[in-house]
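Subject: Structure for you to look at

Hello,

Here is the structure we talked about, with its sequence. Please open it alongside the notes below.

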Amino acid sequence: MHFKYVVVGAGLAGLTFAERIANELDERVLVIERRGHIGGNVYDSYNDAGILIHNYGPHIFHTNDREVYQYLSRFTRWNDFWHRVLTYVDGNLVPMPISVETINKLYNLNLSCFEVEQFLEKRAVDIKEIKTSKDVALSKVGQDIYEKIFENYTKKQWGVDPAQLDTSVISRIPVRLNRDTRYFSDKYQGMPSRGYTGMCENMAASKNIKILLNTDYREVMKDISYDKLIYTGAPDEFYGYKYGRLAYRSINFMFETHDMEEYQEAPVVNYPNDYDFTRITEFKKLTGQKHGKTTICKEFPCDEGEPYYPFPTGEHKAQFALYKKDMEKEPNIIFIGRLAQYRYYNMDGVVRAALDAFADMCK
Ligand SMILES: Cc1cc2nc3c(=O)[nH]c(=O)nc-3n(C[C@H](O)[C@H](O)[C@H](O)COP(=O)(O)OP(=O)(O)OC[C@H]3O[C@@H](n4cnc5c(N)ncnc54)[C@H](O)[C@@H]3O)c2cc1C
């Protein structure tokens with residue numbers, strides 16, 4: 001069977017591409033998805049208790065990219081939502097990212113914004129050449145806060161010392177010299193009012209889009225020809241692991257439903273130094289759902305399992321570069337998304353990348 005366009009993967013990258021092909025080009029497109037649902041990692045669903053959960057961990061939409069926000073707003077309305085995260089340190093819950101409130105609570109002080117700036121300046125370590133995530137944290141907040149907040153959390157999350165990870169991991173956490181305790185400061189933030197799955201269903205609603213679920217593309221490609229393939233899966237898998245397996249970090253999500261209305265003070269609470277899990281999410285606090293019970297999720301990072309986070313070390317990036325060279329030699333294949341490009345993308349970044357790649361394809 002021939003399709004002009006075939007998309008592998010029904011995550012946000014694949015669906016954005018398919019939607020554009022179907023609605024902008026008015027062409028038919030086949031989407032092949034290994035899982036039993038669309039949406040990729042943004043998939044959400046109601047559990048047995050009737051509570052809406054994010055099956056692959058908490059997802060909060062936030063962006064400064066107006067075009068991406070407007071694009072997704074065609075498929076969903078948004079509930080207002082300002083994300084908040086607390087971190088459990090020395091028996092206290094302190095706001096993240098680090099702000100004036102965090103420092104005052106951590107050290108039982110009552111400093112002004114200006115005094116906190118001086119406090120951090122005094123503690124910041126002068127590092128000539130910042131090469132690792134440990135360097136980033138030490139140079140921003142100094143040894144004590146590094147140990148209290150970043151060191152063990154990062155070890156749990158990645159399974160290695162922050163000194164072995166490149167700067168991208170910790171530089172994503174801002175330090176605020178004000179009293180703003182919102183987790184993100186982006187201009188547009190929100191939760192899709194019918195959930196992410198509802199938004200994705202609307203993206204895929206065109207009659208031009210055919211979706212094959214529960215199907216690994218390798219099972220069917222011998223029977224399908226195409227003019228253009230949009231591939232959002234992992235590159236090592238695509239090339240039969242010829243340069244070895246790319247390393248990804250995975251997570252075991254452990255869901256618990258409790259017979260109580262509220263479990264914790266914030267949607268997400270981080271546990272850098274206690275327990276084996278990194279954080280607990282309470283979904284009702286993300287979605288705003290009213291329910292007599294509540295569902296939480298504990299995250300246990302691990303090496304084996306679904307590939308969630310590309311491993312940010314020089315060695316693995318070099319390995320990906322070998323695959324990338326091969327990918328660049330494929331004129332009929334577009335590799336897009338967090339797996340295919342082996343990079344950490346937020347939702348807005350992945351939609352932006354897909355919209356740009358679609359525009360390039362149409363040139
Ligand atoms: C725990 C966690 C929390 C996150 N929180 C946030 C957040 O709060 N805010 C935010 O903006 N972003 C967040 N993200 C990032 C967000 O999930 C991604 O940006 C987005 O889902 C990436 O979309 P994608 O289409 O590139 O990849 P995916 O969602 O992974 O989709 C790829 C799809 O391809 C399918 N596939 C792969 N190989 C094959 C194959 N061989 N055959 C058929 N199908 C295949 C997969 O099954 C998958 O469904 C989070 C990510 C994780 C892991």
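Proline 97 sits in the loop between β8 (92-96) and α3 (100-106). The model is a predicted one, and in it the peptide bond from methionine 96 to proline 97 is cis, with omega near -5°. Most peptide bonds are trans, and most residues other than glycine have a negative phi.

Two residues depart from that second rule. Aspartate 90 is not a glycine, yet its phi is positive, near 50°. Its place is the loop between β7 (85-89) and β8. Aspartate 90 has 10 other C-beta atoms within 10 Å, and because a residue with 12 or fewer is classed as exposed, aspartate 90 is exposed.

Asparagine 108 also has a positive phi, about 55°, and is likewise not a glycine. Asparagine 108 lies in the loop between α3 and α4 (113-123). With 7 C-beta neighbours inside 10 Å, asparagine 108 counts as exposed too.

Next, helix α5, residues 133-158. A straight helix of 26 residues would span 38 Å at 1.5 Å a residue, but the end C-alpha atoms of α5 are only 12 Å apart. Where does α5 have its kink? The kink is centred on glycine 142 and comes to about 115°. After α5 comes glycine 159, with a positive phi near 75°.

On the domains: the assignment for the protein gives domain 1 as 2-38 + 204-247 + 311-362, and domain 2 as 85-171. Between the C-alpha centres of domain 1 and domain 2 the distance is 37 Å.

Last, the ligand. There are 35 residues around the ligand, and those that come nearest are Gly9, Gly11, Gly40, Gly233 and Gly337. Which helices each supply at least two residues of the shell around the ligand? They are α1 (12-23) and α12 (347-362). Sorted by class, the shell holds 17 nonpolar, 11 polar and seven charged residues.

Regards

Technical notes:
Residues are numbered from 1 along each chain as its sequence is written. This is a predicted model: local features need pLDDT of at least 70, side-chain atom pairs count only at pLDDT 80 or more; totals for chains, interfaces and linings use all residues. A residue is near a molecule or strand if its C-beta atom, placed from the backbone, lies within 6 Å of it. Helices (H or I, at least four residues) and strands (E, at least two) are DSSP runs, numbered from the N terminus. Ala, Val, Leu, Ile, Met, Phe, Trp, Tyr, Cys and Pro count as nonpolar, Asp, Glu, Lys and Arg as charged, and the others, Gly among them, as polar. Domain bounds come from an automatic or database domain assignment. A residue is buried if 20 or more other C-beta atoms lie within 10 Å of its own, exposed if 12 or fewer, and partly exposed in between; C-beta atoms are placed from the backbone. The expected span of a helix is 1.5 Å times one less than its number of residues. The bend at a residue is the angle between axes fitted to the seven residues ending there and the seven starting there.
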